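Biologist: Before we discuss anything in detail, could you show me the model, so that we can go through it together step by step?

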Amino acid sequence: MSENMINLIINSVVALAGVGLGNLLGHLSNKKSSRDALNLVAKQEFIKAAAEFQSAFTEAEIALKRPFDYTEANKTTVIIRNAAIQHKNAMIKFRPYLDESKRIAFDEAWKEYDGENKYEGVHNVAIAKRQLALDNIKRLLEFAKL
(Lines give C-alpha, C1' and ligand atoms only; values in the text may rest on other atoms or scores of the structure.)
Protein backbone atom coordinates (compact mmCIF):
# COMPACT_ATOMS: atom_id res chain seq x y z
CA MET A 1 0.00 0.00 0.00
CA SER A 2 1.24 3.39 -0.85
CA GLU A 3 1.80 6.11 1.66
CA ASN A 4 -0.97 8.18 0.06
CA MET A 5 -3.43 5.32 0.48
CA ILE A 6 -2.50 4.89 4.15
CA ASN A 7 -2.92 8.65 4.77
CA LEU A 8 -6.29 8.54 3.01
CA ILE A 9 -7.48 5.67 5.19
CA ILE A 10 -6.22 7.37 8.38
CA ASN A 11 -7.83 10.66 7.39
CA SER A 12 -11.09 8.87 6.59
CA VAL A 13 -11.13 7.10 9.96
CA VAL A 14 -10.35 10.36 11.79
CA ALA A 15 -13.08 12.16 9.82
CA LEU A 16 -15.63 9.45 10.61
CA ALA A 17 -14.66 9.53 14.27
CA GLY A 18 -15.05 13.32 14.25
CA VAL A 19 -18.49 13.08 12.66
CA GLY A 20 -19.51 10.43 15.19
CA LEU A 21 -18.23 12.53 18.09
CA GLY A 22 -19.97 15.60 16.69
CA ASN A 23 -23.25 13.70 16.42
CA LEU A 24 -22.90 12.43 19.97
CA LEU A 25 -22.18 15.89 21.35
CA GLY A 26 -25.06 17.35 19.34
CA HIS A 27 -27.42 14.68 20.69
CA LEU A 28 -26.31 15.28 24.27
CA SER A 29 -26.66 19.03 23.79
CA ASN A 30 -30.19 18.62 22.41
CA LYS A 31 -31.06 16.33 25.30
CA LYS A 32 -29.80 18.95 27.76
CA SER A 33 -31.75 21.69 25.96
CA SER A 34 -34.91 19.59 26.12
CA ARG A 35 -34.35 18.92 29.81
CA ASP A 36 -33.70 22.62 30.43
CA ALA A 37 -36.91 23.50 28.57
CA LEU A 38 -38.89 21.02 30.66
CA ASN A 39 -37.35 22.42 33.85
CA LEU A 40 -38.26 25.93 32.76
CA VAL A 41 -41.88 24.91 32.10
CA ALA A 42 -42.06 23.15 35.47
CA LYS A 43 -40.63 26.22 37.19
CA GLN A 44 -43.15 28.49 35.45
CA GLU A 45 -46.00 26.19 36.49
CA PHE A 46 -44.74 26.20 40.09
CA ILE A 47 -44.55 30.01 40.10
CA LYS A 48 -48.14 30.25 38.85
CA ALA A 49 -49.40 27.69 41.37
CA ALA A 50 -47.47 29.41 44.19
CA ALA A 51 -48.96 32.79 43.29
CA GLU A 52 -52.48 31.33 43.35
CA PHE A 53 -51.77 29.63 46.69
CA GLN A 54 -50.46 32.85 48.24
CA SER A 55 -53.39 34.80 46.85
CA ALA A 56 -55.87 32.47 48.55
CA PHE A 57 -54.54 33.55 51.96
CA THR A 58 -54.32 37.31 51.37
CA GLU A 59 -57.78 38.24 52.63
CA ALA A 60 -57.44 36.19 55.82
CA GLU A 61 -53.98 37.62 56.49
CA ILE A 62 -55.28 41.17 56.14
CA ALA A 63 -58.21 40.45 58.47
CA LEU A 64 -55.96 38.79 61.05
CA LYS A 65 -53.56 41.74 61.04
CA ARG A 66 -56.28 44.26 61.91
CA PRO A 67 -56.30 45.55 65.49
CA PHE A 68 -57.82 43.04 67.86
CA ASP A 69 -61.40 43.66 68.98
CA TYR A 70 -61.98 42.36 72.53
CA THR A 71 -65.75 42.39 72.10
CA GLU A 72 -65.48 39.51 69.66
CA ALA A 73 -63.01 37.13 71.30
CA ASN A 74 -63.43 34.38 68.71
CA LYS A 75 -63.06 36.59 65.66
CA THR A 76 -59.92 34.67 64.69
CA THR A 77 -61.98 31.49 64.54
CA VAL A 78 -64.60 33.24 62.38
CA ILE A 79 -61.92 34.49 59.96
CA ILE A 80 -60.38 31.03 59.66
CA ARG A 81 -63.78 29.34 59.35
CA ASN A 82 -64.89 31.74 56.59
CA ALA A 83 -61.70 31.08 54.61
CA ALA A 84 -61.53 27.34 55.28
CA ILE A 85 -62.91 26.12 51.95
CA GLN A 86 -60.84 28.58 49.92
CA HIS A 87 -57.68 27.63 51.84
CA LYS A 88 -58.35 23.88 51.53
CA ASN A 89 -58.92 24.20 47.77
CA ALA A 90 -55.72 26.23 47.43
CA MET A 91 -53.80 23.59 49.38
CA ILE A 92 -55.17 20.76 47.20
CA LYS A 93 -54.24 22.59 43.99
CA PHE A 94 -50.77 23.66 45.17
CA ARG A 95 -49.55 20.49 46.89
CA PRO A 96 -48.76 18.51 43.67
CA TYR A 97 -46.26 21.18 42.61
CA LEU A 98 -44.04 20.48 45.62
CA ASP A 99 -41.17 18.03 45.50
CA GLU A 100 -41.88 14.82 47.35
CA SER A 101 -39.35 15.80 50.02
CA LYS A 102 -41.20 19.07 50.71
CA ARG A 103 -44.68 17.52 50.75
CA ILE A 104 -44.14 15.89 54.12
CA ALA A 105 -43.17 19.20 55.75
CA PHE A 106 -46.00 20.96 53.89
CA ASP A 107 -48.52 18.38 55.15
CA GLU A 108 -47.27 18.93 58.70
CA ALA A 109 -47.59 22.70 58.29
CA TRP A 110 -51.12 22.23 56.93
CA LYS A 111 -52.10 20.09 59.93
CA GLU A 112 -50.80 22.83 62.23
CA TYR A 113 -52.87 25.42 60.37
CA ASP A 114 -56.06 23.48 59.67
CA GLY A 115 -58.72 23.21 62.33
CA GLU A 116 -60.66 26.23 63.48
CA ASN A 117 -61.04 25.03 67.09
CA LYS A 118 -57.35 25.64 67.81
CA TYR A 119 -57.95 29.37 67.27
CA GLU A 120 -60.77 29.74 69.79
CA GLY A 121 -60.10 31.58 73.00
CA VAL A 122 -61.21 34.38 75.27
CA HIS A 123 -59.66 37.83 75.60
CA ASN A 124 -56.03 37.23 76.70
CA VAL A 125 -55.74 33.89 74.90
CA ALA A 126 -57.44 35.19 71.74
CA ILE A 127 -54.58 37.52 70.82
CA ALA A 128 -52.09 34.67 71.06
CA LYS A 129 -54.41 32.50 68.96
CA ARG A 130 -54.55 35.20 66.30
CA GLN A 131 -50.75 35.31 66.17
CA LEU A 132 -50.73 31.51 65.98
CA ALA A 133 -53.03 31.68 62.94
CA LEU A 134 -50.76 34.26 61.29
CA ASP A 135 -47.65 32.21 62.08
CA ASN A 136 -49.24 29.07 60.63
CA ILE A 137 -50.25 30.89 57.44
CA LYS A 138 -46.72 32.31 57.13
CA ARG A 139 -45.27 28.81 57.53
CA LEU A 140 -47.53 27.49 54.75
CA LEU A 141 -46.66 30.35 52.42
CA GLU A 142 -42.94 29.62 52.83
CA PHE A 143 -43.53 26.58 50.62
CA ALA A 144 -44.70 28.86 47.81
CA LYS A 145 -41.32 30.61 47.56
CA LEU A 146 -38.59 29.70 45.09
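Biologist: In which helix is the place of Thr77?
Modeller: This is a predicted model, in which local features need pLDDT of at least 70 and side-chain atom pairs count only at pLDDT 80 or more, while totals for chains, interfaces and linings use all residues. Residues are numbered from 1 along each chain as its sequence is written, and side-chain values use heavy atoms, with hydrogens and water left out. Helices (H or I, at least four residues) and strands (E, at least two) are DSSP runs that are numbered from the N terminus. On that basis, the place of Thr77 is in helix α2.

Biologist: Is Thr77 buried or exposed?
Modeller: A residue is called buried under 20% relative accessible area, exposed over 50%, and partly exposed in between, using a 1.4 Å probe and protein chains only. Because the relative accessible area of Thr77 is 1%, this residue counts as buried.

Biologist: How far apart are the C-alpha atoms of Thr77 and Arg130?
Modeller: Along the chain, Thr77 and Arg130 are 53 residues apart.

Biologist: Which class of accessibility does Arg81 fall into?
Modeller: Arg81, like Thr77, has its place in helix α2. Its C-alpha atom is 10.0 Å from that of Ala60, and the two residues are 21 apart in sequence. Because the relative accessibility of Arg81 is 42%, the class is partly exposed.

Biologist: How many helices does the protein chain have?
Modeller: From the N terminus on, the elements run α-α-α-α. There are 0 strands in the protein chain, and the number of helices is 4.

Biologist: How far apart are the end C-alpha atoms of α3?
Modeller: The expected span of a helix is 1.5 Å times one less than its number of residues. Helix α3 covers residues 100–113, which makes 14 residues, and therefore it should span 20 Å. The model agrees with this, since the distance between the end C-alpha atoms is 20 Å.

Biologist: Which residues on the other side of α3 from its buried ones are exposed?
Modeller: In α3, the buried residues are Arg103, Phe106, Ala109, Trp110 and Tyr113. They lie on the same side of α3, because they cover an arc of only 125° around the axis, where the arc is that of the directions from the helix axis to the C-beta atoms. On the other side of α3, the exposed residues are Ser101, Ile104 and Lys111.

Biologist: How many aromatic pairs does the structure hold, and what kind of pair do Phe57 and Tyr113 form?
Modeller: Rings of Phe, Tyr and Trp (its six-membered ring) pair if their centres lie within 6.5 Å, and planes under 30 degrees apart count as stacked, over 60 as edge-to-face and the rest as tilted. The structure holds 8 aromatic pairs. The ring centres of Phe57 and Tyr113 are 5.8 Å apart and their planes stand at 70°, so this pair is edge-to-face.

Biologist: Which two helices does that pair of Phe57 and Tyr113 link?
Modeller: Phe57 and Tyr113 are both buried. The pair joins distant parts of the chain, 56 residues apart, and the helices that hold Phe57 and Tyr113 are, respectively, α1 and α3.
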